[in-house]
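Please look through the chain below before reading on. The paragraphs that follow take its parts in turn.

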Amino acid sequence: MDSIVVKGGGALSGQIPIAGAKNACLTLMPACLLSDQPLTLTNAPRLSDIRTMTELLRSLGAEVTSLQEGKVLAMSCHGAINTRAEYDIVRKMRASNLVLGPLLAREGHAQVSLPGGCAIGARPMDIHTDSLALMGAQIDLRDGYLHAKADGGKLKGAVIDFPFASVGATENIMMAATLAKDTTVINNAAREPEIVDLAECLRAMGAQIDGDGTSRIEIQGVDSLHGATHRVVTDRIELGTYMLAPAICGGEVELLGGRINLLAAFCEKLDAAGIDVTETESGLKVARRNGNIHAVNVTTEPFPGFPTDLQAQMMALLCTAEGTSVLEEKIFENRFMHAPELIRMGADIDVHGGMATVTGVKKLKGAPVMATDLRASVSLILAAMAAEGETKVSRVYHLDRGYEHVVAKLRGVGANIERIKDQ
Ligand code: UD1
């Protein structure tokens, strides 16, 4: 297993290119199951989660070819389809459940393993399954698998009111509805940029979708979808993560490909914390306004609110702010696993239920710490870059799931960071 060693220190300067969005790409890839013609994705990120989705799609009968060192994914699903998504692959990555909607839409039946819990919470799938049931699917849970079958072999449109604006359920139902009979309406749909990106790709494939980016999405089913080429939207979470690097360490960094509208709520909080964000021709420039970081309160919410996927990294910033900040996590029940690790580095954090109170300290101090999930890992790296002395972050395989070339990107702006093989 590898570790990352960071020596805290100086201010950063330079540029960081931002990749295509992991969470968009993992949704776009299963869309290839909806057509027997090729779907090509450009601007794909080079990540282990993408390799896991590739493995899953291949196991279902899709051809997936990685071109230009993984930046282009050419997918085709013209032959026979295997409709069973096996536990051995699904358990590695929750986004695997996004094959359920497309398989059911194309073949009229599917068996998809339940993914199980993960480090940040239970993450049930009831909104996905209740919605598919409204579209005429019978769904049973047997042997840890969801066994789904569409009445008469074809899903039918329905009006679905989501109890919560679930991102995954919006994506699964949108894909399922593209080939269903008649019209499907999703009320209280998620509005994340990744949903809009999926809708754009599906429209390029011939789907009829309106209202993406709002809470009411309408999908008129069509008989078949065709091939398309689609560019994956910028990764707003990678963007936000690297915006925090100069905020925490000082200096000025330009994030290439960044746009404020991907992260408006996050940018407002940065402004309140004393961090300047300006749009440039090629992205966003980030620097501290004056020497100090100010405390701010943060509540995670569905888009356009503050993203849960940036909560851990924001906490790393607030550890050295002047004053006390309160972070409230409203999306996942167990997403403060980074707090005990930050405390090992000298942070003053009190976690109580879904809230964390962070009282700023002057300096964090390097320590051996452990990554517990993807976003927690990167928050420890950010904290380490501003800490006194050396920090060793172990279990960094989590990082490979969501950040391509993290060491090279941070070294490129002057961070003292390296990846080492553990003995
Ligand atoms: C969530 C995030 C998304 C992030 C992704 C990866 C939100 C709203 N969603 O998406 O931004 O990129 O994690 O970290 O911020 N739920 C149910 N039943 C369901 C589905 C979800 O109860 O069938 C609950 C979940 O337990 C959770 C909440 O709804 O508390 C959000 O879930 P959802 O948006 O579906 O999660 P992801 O799609 O994984």
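Start with Lys 7, which is partly exposed at a relative accessible area of 40%; here buried means under 20% relative accessible area, exposed over 50%, and partly exposed in between (1.4 Å probe, protein chains only). Lys 7 forms a salt bridge with Glu 390, and the closest N and O atoms are 3.7 Å apart. A salt bridge is a side-chain nitrogen of Lys or Arg within 4 Å of a carboxyl oxygen of Asp or Glu. The pair links distant parts of the chain, 383 residues apart: Lys 7 is in strand β1 (residues 2-7) and Glu 390 in strand β23 (residues 390-394). Helices (H or I, at least four residues) and strands (E, at least two) are DSSP runs, numbered from the N terminus. Glu 390 is also partly exposed, with a relative accessible area of 44%.

This is a predicted model, in which local features need pLDDT of at least 70 and side-chain atom pairs count only at pLDDT 80 or more, while totals for chains, interfaces and linings use all residues. Residues are numbered from 1 along each chain as its sequence is written, and side-chain values use heavy atoms, with hydrogens and water left out.

The structure holds 21 salt bridges. One of them joins the side chains of Asp 140 and Arg 142, at 3.9 Å from N to O. Asp 140 is partly exposed, with a relative accessible area of 39%, and Arg 142 counts as partly exposed at 44%. Elsewhere, Asp 2, Asp 400, Arg 419 and Lys 421 are linked in a network of salt bridges.

Now consider the chain as domains. The domain assignment gives domain 1 (2-18 + 234-421) and domain 2 (22-231); such bounds come from an automatic or database domain assignment. How far apart do the C-alpha centres of domain 1 and domain 2 lie? The distance between these centres is 31 Å. In contact across the boundary are 23 residues of domain 1 and 17 residues of domain 2, where contact means heavy atoms within 4.5 Å.

The size of an interface is often given as the accessible area lost when the parts come together. Domain 1 and domain 2 bury about 1,800 Å² between them, with 49% of it on carbon and sulfur atoms. This buried area is the accessible area (1.4 Å probe) that two parts lose on being put together, summed over both. Phe 303, Arg 401 and Glu 404 supply 32% of the area that domain 1 buries against domain 2, more than any other three residues.

Between domain 1 and domain 2 there are 3 salt bridges. Glu 404 forms a salt bridge with Arg 46, the closest N and O atoms being 3.1 Å apart.

On the side of domain 1 that touches domain 2, α12 (374-386) and α13 (397-402) each supply at least two residues. The most comes from α13, with 3 residues. As for α12, 13 of its 13 residues are buried. Asp 373 caps the N-terminal end of α12, with a side-chain oxygen 3.0 Å from the backbone nitrogen of Arg 375.

Glu 404 also meets Lys 409 in a salt bridge between side chains (3.9 Å, N to O). Is Glu 404 buried or exposed? Glu 404 is buried, with a relative accessible area of 8%. Lys 409, in helix α14 (residues 406-411), counts as buried at 8% relative accessibility. A polar atom of the Lys 409 side chain lies 2.9 Å from the backbone oxygen of Pro 17. Leaving aside neighbours within four places in sequence, Lys 409 is in contact with residues including Ile 16, Glu 238 and Tyr 242.

Some backbone details remain. The peptide bond from Phe 303 to Pro 304 is cis, with omega near 10 degrees, and Pro 304 lies in the loop between β18 (298-299) and α10 (311-318). Asn 43 has phi near 60 degrees, a positive value in a residue other than glycine. Asn 43 is found in the loop between β3 (39-42) and α2 (48-59) and is buried, with a relative accessible area of 12%.

Terms used
Polar contact = N/O pair within 3.5 Å; in protein donor to acceptor, adjacent residues only side chain to side chain.
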